[in-house]
Every structure is written in C-alpha cells, then in structure tokens.
Protein chains: 2
Amino acid sequence: MPKRVDHAERRRQIADALLRTAATRGLHATGMREVAAAAGVSLRLVQYYFGTKEQLLLAAMQHLLARFGERAMARARLGQAGRSGGPAGPHDIIAAILTEALPADEERRTFAILSTAYLALSLTDPALAIAPLVKNTGSVIDVVAGQLRAAQHAGDTPAGLDPDLEALGLLAIAAGLSTSVLSGNSSVDQAQAVIDYQLDRLFPASR
Amino acid sequence: MPKRVDHAERRRQIADALLRTAATRGLHATGMREVAAAAGVSLRLVQYYFGTKEQLLLAAMQHLLARFGERAMARARLGQAGRSGGPAGPHDIIAAILTEALPADEERRTFAILSTAYLALSLTDPALAIAPLVKNTGSVIDVVAGQLRAAQHAGDTPAGLDPDLEALGLLAIAAGLSTSVLSGNSSVDQAQAVIDYQLDRLFPASR
DNA sequence: AGTTTGATGATACGCTTGTACCATAATGAA
DNA sequence: TTCATTATGGTACAAGCGTATCATCAAACT
C-alpha cells in the first residue's frame with residue numbers, strides 16, 4: 001500500500017480554505033478552483049477529498065458549526081472564571097452563546113456572514129435543505145431552554161416564563177442582532193446592550 | 001416617434017418575475033434567461049429595461065421593499081379598525097410591522113426568503129453593498145422608535161426605556177424569528193407568541 | 001407619406017463553472 | 001524486487017452565465 005496521509009487533517013485544511021474564501025467572496029461565488037488555490041492544493045485534490053461541491057459545502061459548514069460550539073464553550077468557562085469558583089452557571093452559559101453569535105471580531109464576523117450565506121442557500125437549494133445549520137440551531141435552543149429550566153429550579157429566574165419560548169426568543173434576538181450589526185444598522189455595543197437588557201430581564205438577581 | 005409603452009409597468013412585470021423565480025430557485029441561481037421566460041418576454045427585453053443584472057437586482061429589491069411597506073401600512077390600518085375609531089396608534093403600527101415580517105403566508109414567506117438571500121449577497125458582493133435593504137431597515141427602525149417615543153409621551157409605555165434600543169431589539173427579534181420559522185426551528189404560532197410577549201412588556205396597558 | 005426613433009427579436013461570444021478522465025509518483029506488503 | 005494501491009497532477013468537456021451585436025417591426029411627428 002502507498003503513502004498514507006492524514007485525511008482528516010487535509011479535509012480540515014481544505015474546508016478552512018473554503019470558509020476563508022467564502023467569507024470575503026461569497027459562498028455561492030466561491031468555486032472549487034478558488035478553494036484549491038487558497039488551500040495551496042490542486043483542484044484534483046479538492047475533488048479527491050470531497051467529491052462534489054455539495055459535500056464540500058456540507059463538510060465545511062459542519063466544521064464551522066463545530067468551531068462555533070467550541071468557542072462558545074470556551075467563552076462560557078471564561079465568563080464563569082471571572083466571577084465564581086464553581087462550574088459555569090445558566091446565566092454564564094446563555095450569555096456566552098448569545099455573545100459568541102455577535103460579529104464583534106473577525107472570527108465571529110466570518111461565522112455570522114457564512115451562517116447567513118448558508119441559510120440563504122439552504123432555503124432554496126433542495127440539496128442543502130436537510131441542513132446541519134438547522135439541526136445545530138435546534139440543539140442550541142435546547143441547551144438554552146435546559147439552562148433556563150435549571151435556573152428556574154434554582155430560583156434564579158422567574159417561575160412564570162416558558163423556557164422553550166424564552167430560549168427561542170433569545171436566539172432570535174441574537175440572530176437578528178447579528179444581521180443588524182453585519183448590515184451596519186447597529187453597532188456591536190448597541191447589540192450587546194440589547195442582549196444585556198434581555199438577560200437582566202430573565203436573571204433579575206445577577207444585576 | 002414609435003410605439004410608446006408603459007416602461008414602469010413593464011419594469012414592474014419583469015421585476016415581479018425575478019422575485020417569483022428567485023423565491024423558489026434562489027436569488028443567485030436565477031439567471032436573466034429564466035427571468036425573461038417567467039415574465040413571458042425575450043431575454044433582450046430584460047436587458048433593454050434593466051441593462052445589467054445588478055441593476056435588475058437592485059430594482060427588484062426596491063420593488064419588494066415597497067410592497068412590504070404597503071402591506072405593513074395596510075395591516076396597521078386593519079389592526080386599528082378592529083378596535084378603535086381613531087388613527088392607528090403606536091401599538092398597532094409596531095405590531096403590524098413585526099407581524100408583517102413573519103413568514104405566515106406565501107407572500108410574506110417570499111419576502112422573508114428574498115430578504116435573507118439579498119442580505120447574504122450584499123454582505124460579500126461589493127456592487128450590492130450600498131443596499132436598499134439596509135437603508136430601508138434603518139428607516140423602519142426609525143419609525144418604530146418614533147412610535148415608541150409617542151407612546152411614552154402618551155404614557156402608554158414605561159418612561160424608563162430607551163426607544164432606539166427597544167426599536168432595534170424589536171426588529172432584531174422579528175428578523176430572527178423570521179429566519180427561525182423559515183428554517184423550521186419554530187412554528188409561526190411560537191414566533192407570534194414571542195412577539196406578543198415582547199409587545200406586552202412594552203405596552204402593559206394594552207393587555 | 002415618409003422618416004426618424006423607440007421597442008423588440010434572434011443569435012453569437014467569451015468566460016467560468018462543476019465534473020470526469022487519463023496519467024503518474026510514491027509506498028507498504030509479497 | 002515487484003506489485004498493487006493510495007495520493008496527486010494536468011487537462012478536457014459540456015453547460016450555463018452575462019453581455020454585446022446585428023437586424024427588424026411599428027408608430028408618432030414633420
């Protein structure tokens with residue numbers, strides 16, 4: 001048998017190149033040749049590791065979402081470390097998720113742009129319809145709702161509100177603010193203020 | 001001079017065809033030939049009335065936004081007529097705008113899909129960067145903020161809150177819920193419930 | 001009545017796209 | 001060493017795109 005190479009690493013490298021290029025040139029306008037050039041490999045290699053463009057798009061999106069999850073978790077740990085000694089609480093976790101969705105630095109801006117582009121594509125392209133983005137968003141909603149329930153049991157949050165509805169609302173706000181910042185209709189600070197305001201409403205004690 | 005034809009009408013007809021096609025096939029994937037076929041005219045005519053594709057896109061988007069504004073105003077009048085005799089108040093106007101942004105029927109769904117697609121395009125395509133969508137969204141925010149201010153002066157809304165920040169938050173929620181419904185992460189009823197909840201928070205008396 | 005000019009049709013061109021195909025260097029097992 | 005298989009490169013192809021060009025029909029003004 002011939003030369004063995006780390007396929008996972010190569011796929012990650014190429015997927016990264018796709019994300020990098022698509023963030024500036026647009027997801028739909030990014031061709032396989034461009035990805036190959038950005039990754040420093042030949043067009044043939046992109047085909048070899050991903051076959052079709054659709055599979056490349058799907059893999060790249062899963063990669064993007066995975067990185068988002070990691071950053072959100074890291075941010076939750078960071079937010080918790082700054083105040084208490086115990087594990088990250090509901091408020092920290094939810095705040096971390098919402099803040100991570102805001103395009104405040106280049107990495108998050110890239111995520112926001114690509115999420116929007118991918119959503120737009122998946123709305124009309126039947127091949128992307130069973131999108132990883134939708135599934136991922138759904139599980140994030142579940143996480144937030146779960147944290148809200150935990151906070152309710154702990155008495156940190158009003159018992160009257162509906163955790164699922166509040167979770168949906170929070171993520172909708174985060175998504176909406178993200179596009180608002182992206183399109184220049186609001187500043188990052190304004191968006192953060194709206195998030196803080198809604199969090200204060202849900203966690204009255206943490207003020 | 002030769003046959004005179006209503007240019008505005010023709011342009012509207014072609015722009016409508018673009019919107020209709022792009023709502024199902026995707027904005028980026030809709031070509032000029034497809035638009036021509038959908039409008040029942042020749043490719044040459046599309047070129048004649050719009051010149052380049054970019055101008056067609058811009059004109060179609062302005063048309064889409066204009067129709068959205070008209071529907072929102074009609075909805076505001078409708079909401080007001082059901083309850084009082086006077087002119088539509090701040091609550092009715094804001095509720096109408098937020099509800100109109102929700103993809104509850106085919107027309108609003110088309111609007112939501114195309115807004116998303118156009119936003120995604122304008123984020124990376126420098127030619128669409130000075131987008132009518134951004135400008136329009138900004139003026140809608142101003143309208144909402146103005147209505148909130150009026151409600152504050154009338155005592156219908158807590159005096160403590162920041163009208164601009166609340167307007168930004170409301171439209172972010174509407175936009176976020178719209179994408180949430182589009183991607184199947186929530187039902188229209190859930191989204192409407194979130195909107196009603198936020199409106200009740202701002203207009204305690206109208207409950 | 002004629003002619004100028006706006007409105008429309010048909011078609012060709014250059015470019016880019018995704019994909020497929022053919023070739024070959026390199027390497028672990030026999 | 002030989003061989004079979006993985007990994008890689010180069011290139012060709014058909015289709016689609018936006019745009020430009022050439023040609024024609026029809027009506028309003030002189």
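In which helix of chain B does Asp16(B) lie? Asp16(B) sits in helix H1, which covers residues 7–25 of chain B. Keep in mind that this is a predicted model.

**Around Asp16(B)**

Let's stay with Asp16(B) for a moment. Leaving aside residues up to four places away in sequence, Asp16(B) touches His63(B) and Arg67(B). Another residue to look for is Ala38(B): 22 residues separate Asp16(B) and Ala38(B) in sequence, and their C-alpha atoms are 9.1 Å apart in space.

**Chain A as a whole**

Stepping back to chain A, you will find nine helices and zero strands. Read from the N terminus, the order of elements is α-α-α-α-α-α-α-α-α. The C-alpha trace of chain A spans about 60 × 40 × 30 Å along its principal axes.

**How the two copies are related**

Chain A can be superposed on chain B by a rotation of 180° with 0.0 Å of shift along the axis, giving an RMSD of 0.0 Å. The two copies are therefore related as by a two-fold rotation axis. As for the interface, 100% of the interface residues of chain A are also interface residues in chain B, so the copies meet through the same surface.

| H5(B) | 90–100 | Pro90(B), Ile93(B), Ile94(B), Ile97(B) |
| H7(B) | 132–154 | Val140(B), Val143(B), Val144(B), Gln147(B), Leu148(B), Ala150(B), Ala151(B) |

What kinds of residue make up the contact of H5(B) with H7(B)? They divide into ten nonpolar, one polar and no charged. Gln147(B) is one of the residues that H7(B) brings.

The axes of H5(B) and H7(B) are 9 Å apart, and the helices pack at an angle of about 155°. Angles over 145 degrees count as roughly antiparallel, so H5(B) is roughly antiparallel to H7(B). The crossing of H5(B) and H7(B) is left-handed.

**Salt bridges**

How many salt bridges are there over all chains? The count comes to 18. One to look at is in chain A, where the side chains of Arg149(A) and Asp164(A) meet in a salt bridge at 3.3 Å, N to O. This pair links distant parts of the chain, 15 residues apart: Arg149(A) belongs to helix H7 (residues 132–154) of chain A, while Asp164(A) belongs to helix H8 (residues 163–182) of chain A.

Technical notes: Residues are numbered from 1 along each chain as its sequence is written. Chains are lettered from A and ligands numbered from 1 in the order in which they are written. This is a predicted model: local features need pLDDT of at least 70, side-chain atom pairs count only at pLDDT 80 or more; totals for chains, interfaces and linings use all residues. Side-chain values use heavy atoms; hydrogens and water are left out. Copies are superposed by least squares on the C-alpha atoms of residues with pLDDT of at least 70 in both. Contact means heavy atoms within 4.5 Å. Axes are lines fitted to C-alpha atoms, for helices over the stretch in contact, and angles run from 0 to 180 degrees between N-to-C directions. Helices (H or I, at least four residues) and strands (E, at least two) are DSSP runs, numbered from the N terminus. Angles under 35 degrees count as roughly parallel, over 145 as roughly antiparallel, 65 to 115 as roughly perpendicular and the rest as oblique. A crossing is left-handed if the near helix is turned anticlockwise from the far one by less than a right angle, and right-handed if clockwise. Ala, Val, Leu, Ile, Met, Phe, Trp, Tyr, Cys and Pro count as nonpolar, Asp, Glu, Lys and Arg as charged, and the others, Gly among them, as polar. A salt bridge is a side-chain nitrogen of Lys or Arg within 4 Å of a carboxyl oxygen of Asp or Glu.
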